[in-house]
Structures are given as structure tokens and as C-alpha cells.
Amino acid sequence: MTTATTTRTREAQSAHGKEVLAELSPLHRELRRAIPDVYKGFGELHHAAFAPGVLDARTKELIALAIGVVEGCDGCIASHAQAAARAGASRQEAAEAIGVTFLMKGGPATIYGPRAYDAFCEFADALDAGEQPA
């Protein structure tokens, strides 16, 4: 981690990490109350997709982060950047996973990719500082 990264993250929270999750959280709670069975089913699917297997959780979260970039989904990017950091992914692993999206998605990935890397670094910096990433 560079001092510039730490300073940038601590001085101004990224609009791509914690801020996105904070904005979406109450919206999810409200909709979850309206359709609890749908959320329960999605939760079970999520749990099954990230269950231990040949691929570890870190790798699966990096895949999900890359898919978030390709889909241009800021909520997916924030959620999986946080989960990848928590799963022990390094900044270089996140950068390389995001780099693959440039090949697969082209120009749009060069917009969402930096957002994803910024979000990942925000969560990684929080973990490095002994804080909860969100």
C-alpha cells in the first residue's frame, strides 16, 4: 500500500466502495421486507456459489468483481471488492482480474475498472488499518 493510496482513501471516501454500499443498504432492507422469499432464495444461491470447492472464496470473489466491471454494476463492484479484500485478495490480484475485463469488455471496462480498483483499495486500506471495511 502506498502512502498516497492511504491518504487518498482516508481523506475522501471513494464514491465506489463504502459510499455505494451505504446508499444501497436501506434500499435492500426495504425491498427485502416486501419480497423476503426472493431474497432468501438469492441468499441461498449466493451461499452455494461461494461455498468452498476447487476454487477458493478469494478467486470466486475476484471473478465476481470482474463480472461487476463487465456489467457496469457499481453495487456489484462495491460488494465484491469488499468481499475480495476480506477473502485476502491482494491489490495486484484485483488489478489483474480487472485487467482481464479490458480484453473482454473493451472501453467500458476502462471506466468501471478503475472504479473497481478504487473500491477494492478502499476496503483493503481499511483492513490494513485494522478497521471494518464497511
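Helices here are DSSP runs of H or I with at least four residues, numbered from the N terminus. This is a predicted model, where local features need pLDDT of at least 70, side-chain atom pairs count only at pLDDT 80 or more, and totals for chains, interfaces and linings use all residues. Residues are numbered from 1 along each chain as its sequence is written, and side-chain values use heavy atoms, leaving out hydrogens and water.

**View 1. The largest pocket and the helices around it.** Welcome to the pocket, an open set of points on a 1 Å grid over the protein atoms alone, where a 1.4 Å probe fits, with protein on both sides within 12 Å along at least five of seven lines. Its volume, the space filled by probe spheres set on the points, is about 790 Å³. Of its 25 lining residues, those closest to the centre are His-28, Phe-42, Gly-75, Ser-79 and His-80; lining means having an atom within 4 Å of a point. Helix α5 gives the most to this lining, with 7 residues, while α2 (18–34), α3 (36–49), α4 and α5 each supply at least two. The lining comprises 12 nonpolar, 9 polar and 4 charged residues (nonpolar: Ala, Val, Leu, Ile, Met, Phe, Trp, Tyr, Cys and Pro; charged: Asp, Glu, Lys and Arg; polar: the others, Gly among them).

**View 2. Helix α4 against helix α5.** The axes of α4 (residues 57–71) and α5 (residues 74–86) come within 8 Å and cross at roughly 160° (lines fitted to C-alpha atoms over the stretch in contact, with angles from 0 to 180 degrees between N-to-C directions). The pair is therefore roughly antiparallel, a label for angles over 145 degrees. In contact (heavy atoms within 4.5 Å), Leu-62 and Leu-65 are among the α4 residues, and Ile-77 and His-80 among those of α5. This contact holds 9 nonpolar, 2 polar and 1 charged residues.

**View 3. Helix α4 against helix α6.** Here α4 and α6 (residues 91–105) pack at about 40°, with axes 9 Å apart. Contacting residues include Arg-58 and Leu-62 of α4 and Glu-93 and Ile-98 of α6.

Methods
Parallel < 35°, antiparallel > 145°, perpendicular 65-115°, else oblique.
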